[in-house]
Amino acid sequence: MASLNWSTTLSAALLFLAKLASCTAPPIPPHIPIPPHIERDLGPLLSPGARIILPTSPDFPRVASRWTDVDRPAYGVVIAVETEDDVAQAVRYANVHNLPFLATSSGHSSWRRLAEFQGGMAIWLRNLTRFEIQPDGESVVLGGGVRSIDVITQLWPAGKQTTSGSCECVSIAGPALGGGHGMLQGQYGLLTDQILSARVVLASGEVVTVDADGEHADLFWALRGAGHNFGIVTEFRYRIYDVVKPDWSYEFFTFSGSVLEELYTLFNQLMERQPRETIVWSTWMRDPKVDPVNPTINIMIFHNGPTEELSEFTKPINALKPVGTRMGVTPYSKLLTVAGFDIGSSVCHKMPGTSLVPIDVPNYNVPAIQDWYDKFSEGLEAEPSLAASFTMLEGYSTQAVQAIPEESTAFPHRGQKLLLASLIINPIVGNDTLDMIAAKWAEDMRSASSGGTEKRHTYLNYATGTETAEELYGYEPWRLERLRGLKEKYDPKGKFSWYGNLVQKEPAREVDEL
Ligand SMILES: Cc1cc2nc3c(=O)[nH]c(=O)nc-3n(C[C@H](O)[C@H](O)[C@H](O)COP(=O)(O)OP(=O)(O)OC[C@H]3O[C@@H](n4cnc5c(N)ncnc54)[C@H](O)[C@@H]3O)c2cc1C
Ligand SMILES: *[C@@H]1O[C@H](CO)[C@@H](O)[C@H](O)[C@H]1NC(C)=O
Ligand SMILES: *[C@@H]1O[C@H](CO)[C@@H](O)[C@H](O)[C@H]1NC(C)=O
C-alpha cells in the first residue's frame, strides 16, 4: 500500500533539508553605519524590557532569523520592542539618524525585494504579545507579535475562535495587513476582515488609532490589504466568534499524476457546491513510494462538520480510485497539527533555501494545471538538487470573503478562489547557476499555471516582488490612485517602501529635524 501519510513524508524531507542548511548564518550586515552611541542615546528612551541588539550580540542570530534566507534583508541593528512607545521611539530615532527601518513580526515573508534592505534597523515585534478578550466577547485586542498558534490556543478555552493563518508559526499582523487566508475564512472572512481597529505608528513616529469612523478612516481602508506600506501596527482589535461546531472531519487522498485531468475537472464541479465549512487543498511532490517518476498528487479536504457531510462531498473523489486515503475527526484546536502545519512541523521550521512563486486564479484551468504539472515534473527530473520542491493549490471556501464588498477594503482579490504556488527548495547555498535554474523554472511554472491570462492577480503576501502594482493591488485605476494618494498623505518620504511595490521609487533617505 502506498504512502498514506504524505504530510509526514513531506515533513521528514523538509526537516532533513532544513537541518542540512541550518548552519548558514544570516548574512553579514553591511554598509549603513549604525550610530555608535545608539545604546547610550536610544536605550534610555525605551521601556525597561526592550533591547538594542547589535550583530555582535549572542542574541542577534535568534532575532535576525527568518523563515527563508533567499534574498533576505540584512539588519545592522535589531530593536526588540516591548511596548508601543518603544516602536515610536525607534522610528523617531531612525528618522533623526537617517537609518532605514523595517518592522518584522514572525519573519516569514518571502518577498524577495526585502533583500534591498541592507544594514538598517529592524524593529522586532515578536514580544508585542498582548492578548485580551474584550468583555463583550466579540473581539480581542492582540499585539503585533501575536501568532496564529497564540490566537488558537488562547481563544479555544474561552469557547471562541477566529480566522488566522493556516500555519501556527505565522503572525496575525503580517498576513492580515495584506488580506490573510485561513481555514475559517469561508465562515468569517479573511484575517483583514476581522480588524475593527488598529494602533499604528506612522512614518513620523506619531501613534494613531485607525478605525472605520475616526479621523483616519481613509487609512483604515488602506490598512486592510496594503497595510505594510503605511505604518507599523502595534496592536489590533480583532473580531472573535463563539465556537458552535468544535469538530472538523478530514479526508486525505493520494493519487498518481495520471488522474490529474479528471481530478481537477471534478474539483471545478465540487467548487460549485463547496460549503463555507469546507477546504480543498492539494499539493504535488515527488514520492518515490507512490511513483518513482511522476509527482504524486496529495489532497487534503477539511470540513467543519460531521464525517457524513464530508463523505457526501468527497464521494466522487473516492470514485477516482486513490492509491491511499486517510480520514478522521479533530477539534479545531488540533486541526493544523492534523494538516501538518503546526508549530513543530517542518513548514514551521526555518527553510533557508526556499522561494515561493504564486498566482491567484478563479478556478482550475485544467489544461493550464496540466501544463504546470508537466513543467514541475520535468524540472524535478532535470535538476535532482531541487527534488524536494513542491506545489500548493489552496482552495479555501470563499463565501464570507465574497460577502464583503470588494471596494470596502484595499484587498483586491475577492473574486479569485484559488491560491496556486510553486515552492522551490534549493538546499545548496551559493551556486548561482542553480539559483538561476530554480528562478527560471519557478517563473515558467507560474506562467503555465496562469494559463496565459493577461491580468494576473497575485496575493501580496505570497508575492516575490517581480509583480506589477496592478497585479498586487488591483486593476481598477481608482484603487492605485487612492492608495498612492494615501501614501503621499501618510508616508510622503517613503519610509515604508521595502515591501509591496506600491510606489516604484527608491525609499527616501531624508533626515528629520531633531
Ligand atoms: C510557512 C508559511 C505559512 C504561511 N501561511 C499563510 C497562511 O496560512 N495564510 C496567509 O494568508 N499567508 C500565509 N503565509 C504568507 C504570509 O502571510 C507572509 O509570509 C507574511 O509576510 C508573514 O508575516 P510575518 O509577520 O511572518 O512576516 P515578516 O517577514 O516579519 O514581515 C513581512 C512584512 O510585513 C511587515 N510587517 C510585519 N508585521 C507588521 C506590523 N505589525 N505592522 C506593519 N508591518 C508589519 C514587515 O515590515 C514586512 O515588510 C505563510 C508563509 C509561510 C512562510
Ligand atoms: C521577549 O520576551 C521574553 C519573555 O518575556 C523574554 O525572555 C525576552 O528577553 C524578550 N526579548 C527578546 C529579545 O527575546
Ligand atoms: C551548480 O549547479 C549546477 C546545476 O546543478 C551544476 O551543474 C554545477 O556543477 C554546480 N556547481 C558547483 C560548483 O557545484
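Modeller: In this predicted model, the axes of helix α9 (residues 260-272) and helix α12 come within 9 Å and cross at roughly 140°. That angle makes α9 oblique to α12, since angles under 35 degrees count as roughly parallel, over 145 as roughly antiparallel, 65 to 115 as roughly perpendicular and the rest as oblique. Axes here are lines fitted to C-alpha atoms, for helices over the stretch in contact, and angles between N-to-C directions run from 0 to 180 degrees. Helices (H or I, at least four residues) and strands (E, at least two) are DSSP runs, numbered from the N terminus.

The crossing of α9 past α12 is right-handed; a crossing is right-handed if the near helix is turned clockwise from the far one by less than a right angle, and left-handed if anticlockwise. From α9, the residues L260, E261, Y264, T265 and N268 make the contact, and α12 contributes V366, I369, Q370 and Y373, where contact means heavy atoms within 4.5 Å. By class, this contact has five nonpolar, three polar and one charged residues. Ala, Val, Leu, Ile, Met, Phe, Trp, Tyr, Cys and Pro count as nonpolar, Asp, Glu, Lys and Arg as charged, and the others, Gly among them, as polar.

Helix α12 (residues 366-382) also packs against helix α14 (residues 432-450), at an angle of about 165° and with their axes 7 Å apart. α12 is therefore roughly antiparallel to α14. Here too α12 makes a right-handed crossing, passing α14. In this contact A368, D371, W372, K375, F376, G379 and L380 of α12 meet W441, D444, M445, A448 and S449 of α14. Seven nonpolar, two polar and three charged residues make up this contact of α12 with α14.

Another pair, helix α8 (residues 217-226) and helix α16 (residues 477-490), packs at an angle of about 115°, with axes 10 Å apart. α8 is thus roughly perpendicular to α16. α8 passes α16 in a left-handed crossing. D218, L219, W221, A222 and A226 of α8 form the contact with W478, R479, R482, L483, L486, K489 and Y490 of α16. These residues divide into eight nonpolar, no polar and four charged.

The ligands come next. Ligand 3 is surrounded by E383, N431, L434 and I437, each having a heavy atom within 4 Å of the ligand, the cut-off for a residue near a molecule or strand. An oxygen atom of ligand 3 lies 2.7 Å from an N or O atom in the side chain of E383, and a polar side-chain atom of N431 is 2.4 Å from an oxygen atom of this ligand. A polar contact is a pair of N or O atoms within 3.5 Å; within protein, one must be able to donate a hydrogen and the other to accept it, and residues adjacent in sequence count only if both atoms are side-chain atoms.

Around ligand 2 are I53, R62, A80, E82, W124 and N127. The side chain of R62 has an N or O atom 3.0 Å from an oxygen atom of ligand 2, and for the side chain of N127 the corresponding distance is 2.3 Å.

Ligand 1 has 31 residues around it, and the closest are A103, S106, S166, S171 and Y459. Backbone atoms also approach this ligand: an N or O atom of S105 lies 2.8 Å from an oxygen atom of ligand 1, and one of S109 lies 3.1 Å from an oxygen atom. A nitrogen atom of ligand 1 is 2.8 Å from a polar backbone atom of H181.

As for conventions, residues are numbered from 1 along each chain as its sequence is written, while chains are lettered from A and ligands numbered from 1 in the order in which they are written. Local features need pLDDT of at least 70, side-chain atom pairs count only at pLDDT 80 or more, and totals for chains, interfaces and linings use all residues, whereas side-chain values use heavy atoms, with hydrogens and water left out.
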